[in-house]
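Dear colleague,

I am handing over the structure below, and my notes on it follow.

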Amino acid sequence: MLQPTLTLLFSLLFLCCLSLPMASESAIGVNWGTLSSHRLKPSTVVNLLRDNKISKVKLFEADPAILKALMGSAIQVMVGIPNEMLSLLGGSSVAADYWVQRNVSAFMTKGGADIRYIAVGNEPFLTSYNGQFINLVIPAITNIQQSLVKANLAGYVKIVVPCNADAYESSGGLPSQGVFRCKLTQIITQLVQFLNSNGSPFVVNIYPFPSLYDNGDFPGDYAFFRGTTHAVTDGSNVYTNAFDGNYDTLVSALGKLGYGQMPIVIGEIGWPSDGAIGANITAARVFNQGLVYHIASNKGTPLRPNVPPMDVYLFGLFDEGAKSTLPGNFERHWGIFSFDGQAKYSLNLGLGNKELRNARNVEYLPSRWCVANPLSDLTNVVNHMKIACSVADCTTLNYGGSCNEIGEKGNISYAFNSFYQLRMQDSQSCEFDGLGMVTFLDPSVGDCHFLVGVIDRGLNKDSSACQKTYQWLVIVLLLILHGTFFLSM
């Protein structure tokens, strides 16, 4: 009788295992942003990704030069559609067909780019947009989905809509009380129904740093993964870090809509390394390393034990010196690499390398810098600094920045050099009415690094802008020919 008993016992154990949430391996990817005045060649960046064994990348728009460089790389791609295009693509199936053909199908030929997701919009429900894009999302994803069906790609390429964490909230800060904002309930319900029917995950961007930056009472240790003296107790669940609490607030909000098991992808998460108090190299390394270890442990969260997010995309790959500083000067310093592909700090991504590997074969401008002329009267330098910093990135000079304490002449030199490098070391860009001079001695001081620009081979800003303008013109022409452009005006 022992054998049948053991058989029954193992059968019961097997059935119990089937009923439990299955653990999954989360992949670490990166966001490749391009709002920089100093951009590496796309091929150099793809080699950087491969050297670091990063197999997933998220793009904020369909840059043809980048997509071409990704062809044959085996790197899985999430390609974005800017919010500004939602109205056009949602209002015309012709425009949607053209966009898919031009930016997806064209790059997915044999040996092409491995495009897995189309991110329709970027945080379109963000509170600061005041509802500008809310009613444009569903028409846009519907048309893009139909275009994928026509292109025979709908089974492979999935549509997602990256949402900011401000799309949901909770009473008393308890994750179990998570709900979507009242104004978004209807549209989010439609969105998750669409995602569920098409096998797509919910993509959310979670950023603990702004909570610390905006709220002086926010407990600093709760933002990291090292334990906290400010744990949040929610019934039987205890939260020791902001990420888990935020994530489970979303899980609760989805559950209240009837989609508590919907897969979740973290579209953006990271920590800035400069530009504000609390934004520094040490904090960025501690946060990102803690995040990677937390995800790799497969512990999940209290509401989803042993089930981590499907994928996690670090924000970002590079610093972006041309980003808006409206949220704060730290916005330009999220990269795990500096603009030239050099690792800012030691970081084990859990992908096979114990630390980050730098970009290879980076082509720099000559080793020379523009600084304040010590023999000149700098009394009237203020306007020159304003001009320089209005186009170049001077955010590290501000309070909390790595160059905040280099003195008045140091500030002037930093501003002058940033402008000089932005202008590709053009000799006239260091004149400043005789207040500037070129030096071959590196003026960097401590943690304040005076950059040397990289060589622009013409593959970057101008060609990308021309390609985008061309696409817009073709779409408008198609709409006019189909008689839909003026009808929608």
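Helices H6 (residues 137-150) and H7 (residues 185-197) cross at roughly 15°, and they are therefore roughly parallel to each other (an angle under 35 degrees). Their axes, which are lines fitted to C-alpha atoms over the stretch in contact, come within 11 Å, and the crossing is left-handed. From H6, Ile138, Ile141 and Gln145 meet Ile187, Gln190, Leu191 and Phe194 of H7, contact meaning heavy atoms within 4.5 Å. By class, this contact has five nonpolar, two polar and no charged residues.

This is a predicted model, in which local features need pLDDT of at least 70 and side-chain atom pairs count only at pLDDT 80 or more, while totals for chains, interfaces and linings use all residues. Residues are numbered from 1 along each chain as its sequence is written, and side-chain values use heavy atoms, with hydrogens and water left out.

The structure also holds three disulfides (cysteine sulfur atoms within 2.5 Å). Cys370 is joined to Cys430 with an S to S distance of 2.0 Å, and the torsion about the S-S bond is about 90°, so this disulfide is right-handed. Cys370 lies in strand S16 and Cys430 in the loop between H12 and S17, so the pair ties together parts that are 60 residues apart in sequence. Cys370, at 0% relative accessible area, is buried (under 20%, with exposed over 50% and partly exposed in between, for a 1.4 Å probe and protein chains only). The disulfide of Cys389 and Cys394 is left-handed, with a torsion of about -90°; Cys389 is partly exposed at 27%, whereas Cys394 is buried at 8%.

Best regards

Definitions and conventions: Axes are lines fitted to C-alpha atoms, for helices over the stretch in contact, and angles run from 0 to 180 degrees between N-to-C directions. Helices (H or I, at least four residues) and strands (E, at least two) are DSSP runs, numbered from the N terminus. Angles under 35 degrees count as roughly parallel, over 145 as roughly antiparallel, 65 to 115 as roughly perpendicular and the rest as oblique. A crossing is left-handed if the near helix is turned anticlockwise from the far one by less than a right angle, and right-handed if clockwise. Ala, Val, Leu, Ile, Met, Phe, Trp, Tyr, Cys and Pro count as nonpolar, Asp, Glu, Lys and Arg as charged, and the others, Gly among them, as polar.
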